[in-house]
Amino acid sequence: MELLERETYLAEMHGLLRQADRGLGGTLFLSGEAGVGKSSLLRVFAGQVPDAVRVLWGGCDPLTTPRPLGPLIDMSEQMSTAVRRLLRESASRTELFDAVRSDLAKPPPTLMVIEDAHWADEATLDLLRYLARRLATACTSGICENASWPRRSTWVRNTRSRSKCVLRTIRRTPMASSTLW
Ligand SMILES: Nc1ncnc2c1ncn2[C@@H]1O[C@H](COP(=O)(O)OP(=O)(O)O)[C@@H](O)[C@H]1O
Ligand SMILES: [Mg+2]
């Protein structure tokens, strides 16, 4: 798929991934109104990353009762046996989050995408907060797609720490919009 006017975002995402490959992981929180092109941008980016990069993809659904840790369950097939076992056994969050962190800290570099985070359950939000503060030592670049939610942005800012954590909002631009409507 060809994307219009998204070169700057793609360049920044590639930059984050290169840093992750050097052991300096980071998180990009992508927001923007529904239909503006967040998922498309992520799909195009995931298709451009080097073959050596492991891509983990999970998403949240608009369920009345959201699946606890749904995105992590989605991506767990590609993760360590420890993560899969702890999920199966409904182990404590401390153990599980730590296993996820150590999985992400190992090569190859990982691109972790969580789509539609505005529908995330509380446990997923906790995992995001936990990881965002610790990715400085992980070979991971996490990208989290969200609609435009100021309430969520507040905690995104609160998760800032030594690890790189950026918040970007995609806005409708004349060229891309003309193809959207
Ligand atoms: N930059 C772009 N250039 C052209 N078409 C786009 C662009 N971004 C999104 N689209 C189109 O807009 C539609 C909605 O995009 P999507 O990525 O699903 O939005 P979001 O995830 O923000 O809700 C898709 O059909 C996609 O093909
Ligand atoms: Mg989307």
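This is a short chat about a predicted model of a protein chain with a ligand.

Colleague: What should I know before reading residue numbers?
Modeller: Residues count from 1 along each chain as written, and chains are lettered from A and ligands numbered from 1 in written order. The model is predicted, so to speak: local features need pLDDT of at least 70, side-chain atom pairs count only at pLDDT 80 or more, and totals for chains, interfaces and linings use all residues.

Colleague: How many helices and strands in the protein chain?
Modeller: Eight helices and five strands. Those are DSSP runs, numbered from the N terminus: helices are H or I with at least four residues, strands are E with at least two.

Colleague: And what order do the elements run in?
Modeller: From the N terminus, α-β-α-β-α-α-α-β-α-β-α-β-α.

Colleague: What share of the residues is buried?
Modeller: 35% of the 181 residues. Buried takes 20 or more other C-beta atoms within 10 Å of the residue's own, exposed takes 12 or fewer, and partly exposed lies in between, with C-beta atoms placed from the backbone.

Colleague: Ligand next. Which residues are closest to ligand 1?
Modeller: Leu4, Gly37, Lys38, Ser39 and Ser40, out of 15 that surround ligand 1. The cut-off is a backbone-placed C-beta within 6 Å.

Colleague: Which elements give two or more residues to that shell?
Modeller: Helix 2 (38-48) and helix 8 (174-180).

Colleague: What's the shell like by class?
Modeller: Six nonpolar, six polar and three charged residues. Nonpolar covers Ala, Val, Leu, Ile, Met, Phe, Trp, Tyr, Cys and Pro; charged covers Asp, Glu, Lys and Arg; the others, Gly among them, are polar.

Colleague: Switching to helix 4 and helix 5. At what angle do they pack?
Modeller: About 160°, with the axes of helix 4 (81-88) and helix 5 (93-105) 9 Å apart. Axes are lines fitted to C-alpha atoms over the stretch in contact, and angles run from 0 to 180 degrees between N-to-C directions.

Colleague: Parallel or antiparallel?
Modeller: Roughly antiparallel. Under 35 degrees is roughly parallel, over 145 roughly antiparallel, 65 to 115 roughly perpendicular, the rest oblique.

Colleague: Which residues make the contact?
Modeller: Ala82, Val83, Leu86 and Leu87 of helix 4, with Glu95, Leu96, Ala99, Val100 and Asp103 of helix 5. Contact means backbone-placed C-beta atoms within 7 Å. By class, the contact has seven nonpolar, no polar and two charged residues.

Colleague: Last one. Where is Val49?
Modeller: In the loop between helix 2 and strand 2 (54-59).

Colleague: Why does Val49 count as partly exposed?
Modeller: Because Val49 has 16 C-beta neighbours inside 10 Å. Leaving out residues up to four places away in sequence, Val49 touches Leu17, Val55 and Leu111.

Technical notes:
Two residues are in contact if their C-beta atoms, placed from the backbone, lie within 7 Å.
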